[in-house]
Amino acid sequence: MLRIIFALILCASPVFAKGEKSGDFDYYVLALSWTPSWCEYEGDRRKSPQCDAGREFGFTLHGLWPQYNDGSWPSYCKSSHRPPSKSLTASMGDIMGTSGLAWHQWNKHGVCSGLSPAQYYELSRRAYESVQRPAIFRKIKQTLSLPASVVEDAFQETNAQLDDNELQLTCKAGRIQEARICLTKDLELRACSSRMRDCTLQDAEMAPIR
């Protein structure tokens, strides 16, 4: 009987983990994903068109995520806005890789922004374009092994106003995963939560664009 009750609790728990108030958050995290890494540990398995040869995706927009100052974040908030249309999500494919990712980001994070889908995507595009992605990584011809701090340094050299407290580099499966930059609701740089931690790998892999 205890096992049955425990199983029921586990099945029900996601309901209570969702539904925070839309628009009630402190700042945004702009997540820029190194597409070749994502393709190697997930995208190829999914047969995502984002990973097709010749697409030449480098640092793409993973998402613009509402955050709390304590390091937590809202998700799947209740929103009064209608879901985005297929044409609207498709319009984000040039910087997000696929319309499917654009829809997922709205469904999980955009609904917590307090904005309409069109407003959220427009703000996401503005945030993406406000940060210069280091062009040198587009010149990689073969997979490199390098300290993650090198990628972080390149972002700071390319964006002179960006400092350590406003940027986080993440890794996954031994690869460079994302650059995450903290922004105010007006897209001004700001310090990230102290709970955000940088990748400290000294031999992170970074594959070339396809």
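Which residue in S5 is the bridge partner of Thr170? Select Glu178 and you have the answer: Glu178 in S5 is the bridge partner of Thr170.

Before going further, some ground rules. This is a predicted model, where local features need pLDDT of at least 70 and side-chain atom pairs count only at pLDDT 80 or more, while totals for chains, interfaces and linings use all residues. Residues are numbered from 1 along each chain as its sequence is written, and side-chain values use heavy atoms, with hydrogens and water left out.

**Stop 1: the strands around S5**

Select residues 167-172 and 175-183, which are strands S4 and S5. Helices (H or I, at least four residues) and strands (E, at least two) are DSSP runs, numbered from the N terminus. S4 and S5 pair in the antiparallel sense over 6 bridges; two strands pair if DSSP finds at least two bridges between them. Gln168 has Arg180 in S5 as its bridge partner.

Now zoom in on the turn. The hairpin of S4 and S5 has 2 residues between the strands, and Ala173 there takes a positive phi near 55°.

Colour S5 by accessibility: 9 of the 9 residues of S5 are buried, so the strand is largely enclosed by the rest of the structure. The cut-offs are under 20% relative accessible area for buried, over 50% for exposed, and partly exposed in between (1.4 Å probe, protein chains only).

**Stop 2: aromatic rings**

Show the aromatic side chains. A search of the whole structure finds 7 aromatic pairs. Rings of Phe, Tyr and Trp (its six-membered ring) pair if their centres lie within 6.5 Å; planes under 30 degrees apart are stacked, over 60 edge-to-face, and the rest tilted.

Pick Trp34 and Phe137: their ring centres are 6.4 Å apart and their planes stand at 70°, so this pair is edge-to-face. Trp34 sits in strand S1 (residues 27-34) and Phe137 in the loop between helix H6 (117-130) and strand S3 (144-146), so the pair ties together parts that are 103 residues apart in sequence. Trp34 and Phe137 are both buried.

Move on to Tyr120 and Tyr121, a tilted pair with 5.9 Å centre to centre and 50° between the planes. Tyr120 and Tyr121 are buried too. Then select Trp34, Phe59, Phe137 and Phe155 together, which form one aromatic cluster.

Find Lys185, whose charged end sits over the ring of Phe25, 4.3 Å from its centre. Then find Arg190, which lies over the face of Tyr27 at 3.9 Å from the ring centre. The test here is NZ of Lys or CZ of Arg within 6 Å of the ring centre and within 35 degrees of the ring normal.

**Stop 3: pockets**

Turn on a surface. A pocket, on a 1 Å grid over the protein atoms alone, is an open set of points with protein on both sides within 12 Å along at least five of seven lines; lining residues have an atom within 4 Å of a point.

The largest pocket is lined by 21 residues, and Trp38, Glu42, Arg46, His62 and Leu101 lie nearest its centre. Helix H2 (35-46), strand S2 (59-67), helix H5 (99-108) and S5 each supply at least two residues of that lining, with H2 giving the most, 5 residues.

Which residues lie nearest the centre of the second largest pocket? Select Trp65, Gln67, Trp73, His109 and Arg180; the whole lining has 16 residues. S2 and H5 each supply at least two residues of the lining of this second largest pocket. Arg180 is also the bridge partner of Gln168 from the opening stop.

**Stop 4**

Most residues other than glycine have a negative phi, and most peptide bonds are trans. Glu56, not a glycine, has a positive phi of about 60°. Glu56 lies in the loop between H2 and S2 and is partly exposed at 46% relative accessibility.

End at Tyr76, also not a glycine, with a positive phi of about 50°. Tyr76 is in the loop between S2 and helix H3 (86-90), and is partly exposed with a relative accessible area of 28%.

Note on methods: On a 1 Å grid over the protein atoms alone, a cavity is a set of points where a 1.4 Å probe fits but cannot get out, and a pocket is an open set with protein on both sides within 12 Å along at least five of seven lines; lining residues have an atom within 4 Å of a point.
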